[in-house]
Amino acid sequence: MNELAAETARSSEFARLAVEGLSTSPKRAEAKFFYDEEGSRLFDRICELEEYYPTRTETAILRARAPELAEWVPEGAALVELGSGSSTKTRILLDALPGLGAYVPLDISAEHMQASARALAAHYPALDIHPVAADFTRAIELPGDLRAMPKLLFFPGSTIGNFTPPEAVELLRRLRGIDNVAGFVLGVDLRKDEDVLVRAYDDAEGVTAAFNKNLLRRMNTELGADFDLDRFGHEARWNEACSRIEMHLVSTCDQSVRVAGHRIDFARGESIHTESSHKYSVDGFREMAATAGWSADETWVDDRGLFSVHVLRP
Ligand code: AVJ
């Protein structure tokens with residue numbers, strides 16, 4: 001598929017899934033649709049927020065521990081990153097593993113990823129960079145010349161938390177099936193005090209609220225929807241039974257909205273569940289990885305027990 005055809009396929013998928021999600025009860029949307037250009041930019045701002053501990057904590061863990069990877073990652077291996085975004089944490093691995101032969105960022109936000117890849121190329125002129133615009137919730141197709149290369153998979157940020165546990169097992173199993181994988185480094189956010197979690201997803205400055213509402217703005221511009229962004233409120237809820245933070249957009253009044261030619265009715269207080277961010281215990285995640293066929297080699301956790309980075313081996 002060429003870029004234009006791929007883009008068209010992605011936008012009709014957005015239309016179909018948006019309408020489908022808004023036609024069910026409770027209403028929902030898929031988190032991957034947050035990441036258009038503006039959404040990726042807002043997400044980068046979230047990562048800098050005082051309340052949003054994951055990025056800072058994971059970065060510190062990787063800085064401290066990445067040098068240990070040099071003991072076993074084969075010379076010339078390709079670093080394959082899922083949901084690469086701005087590729088900020090990538091640099092930590094590239095610096096710790098100067099022998100890496102290639103970098104393959106995969107992201108749904110093609111332009112954002114390409115700009116990040118260019119910035120990275122300027123810093124690592126000798127590195128072979130192959131960006132892949134892809135939705136890894138579907139299929140993971142790596143460039144053919146990569147098949148024979150040993151690979152180090154990298155999935156930081158606790159993006160795995162966006163999947164329900166069964167979906168996460170399925171994704172981990174699919175990744176386990178990639179040829180020639182030497183190892184997998186992935187970040188997983190941990191269960192903690194509800195207040196800390198709610199604050200991380202409902203910051204004082206309102207950046208997360210803007211990130212959440214960007215989904216409505218995106219439906220307005222791309223699907224000809226007529227959401228009034230002032231008639232929805234941002235809410236972060238801890239769901240104890242499912243061990244997850246949920247983001248919702250709550251209708252402030254009875255209203256109906258048109259989305260891609262469909263009429264969607266909202267009662268006051270009714271919400272669109274836009275994201276789930278699952279939180280794990282170290283052992284709970286290790287068991288899940290084992291279920292998916294990985295051997296959980298090591299788990300690195302910060303002193304405060306906020307975040308974990310798992311090193312899995314085939
Ligand atoms: C990119 C999915 C890991 O769940 O913490 C941040 C997204 N949403 N603030 C997360 C997010 C609201 C983030 N992930």
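A residue is counted as near a molecule if its C-beta atom, placed from the backbone, lies within 6 Å of it. The structure is a predicted model.

Q: What is the make-up, by class, of the shell around the ligand?
A: The residues surrounding the ligand include Ile-46, Pro-54, Thr-159, Asn-162, Tyr-201 and Glu-275. Gly-157 and Gly-161 also belong to this shell, and Gly counts as polar in the classification. By class, the shell has 3 nonpolar, 7 polar and 1 charged residues.

Q: Why do the buried residues of H9 line one face of the helix?
A: Helix H9 spans residues 282–291, and its buried residues are Phe-285, Arg-286, Met-288 and Ala-289. Viewed down the axis of H9, these residues line one face of the helix because they fall within an arc of 160 degrees.

Q: Which elements do the buried residues of H9 pack against?
A: Phe-285, Arg-286, Met-288 and Ala-289 are the residues concerned. Their packing partners are helix H6 (165–176), strand E7 (181–189), strand E13 (295–301) and strand E14 (307–313).

Q: Which residue in the hairpin of E10 and E11 takes a positive phi?
A: Strands E10 (residues 255–259) and E11 (residues 262–266) pair in the antiparallel sense over 5 bridges. Val-259 has His-262 of E11 as its bridge partner. The hairpin has 2 residues between the strands, and the residue with a positive phi, near 50 degrees, is Ala-260.

Q: What pTM does the model score?
A: The chain averages a pLDDT of 94, and 97% of the residues score at least 70. The model has an ipTM of 0.99 and a pTM of 0.94.

Conventions:
Residues are numbered from 1 along each chain as its sequence is written. This is a predicted model: local features need pLDDT of at least 70, side-chain atom pairs count only at pLDDT 80 or more; totals for chains, interfaces and linings use all residues. Two strands pair if DSSP finds at least two bridges between them. Helices (H or I, at least four residues) and strands (E, at least two) are DSSP runs, numbered from the N terminus. A residue is buried if 20 or more other C-beta atoms lie within 10 Å of its own, exposed if 12 or fewer, and partly exposed in between; C-beta atoms are placed from the backbone. The arc is that of the directions from the helix axis to the C-beta atoms. Two residues are in contact if their C-beta atoms, placed from the backbone, lie within 7 Å. pLDDT is the predictor's confidence in each residue, from 0 to 100.
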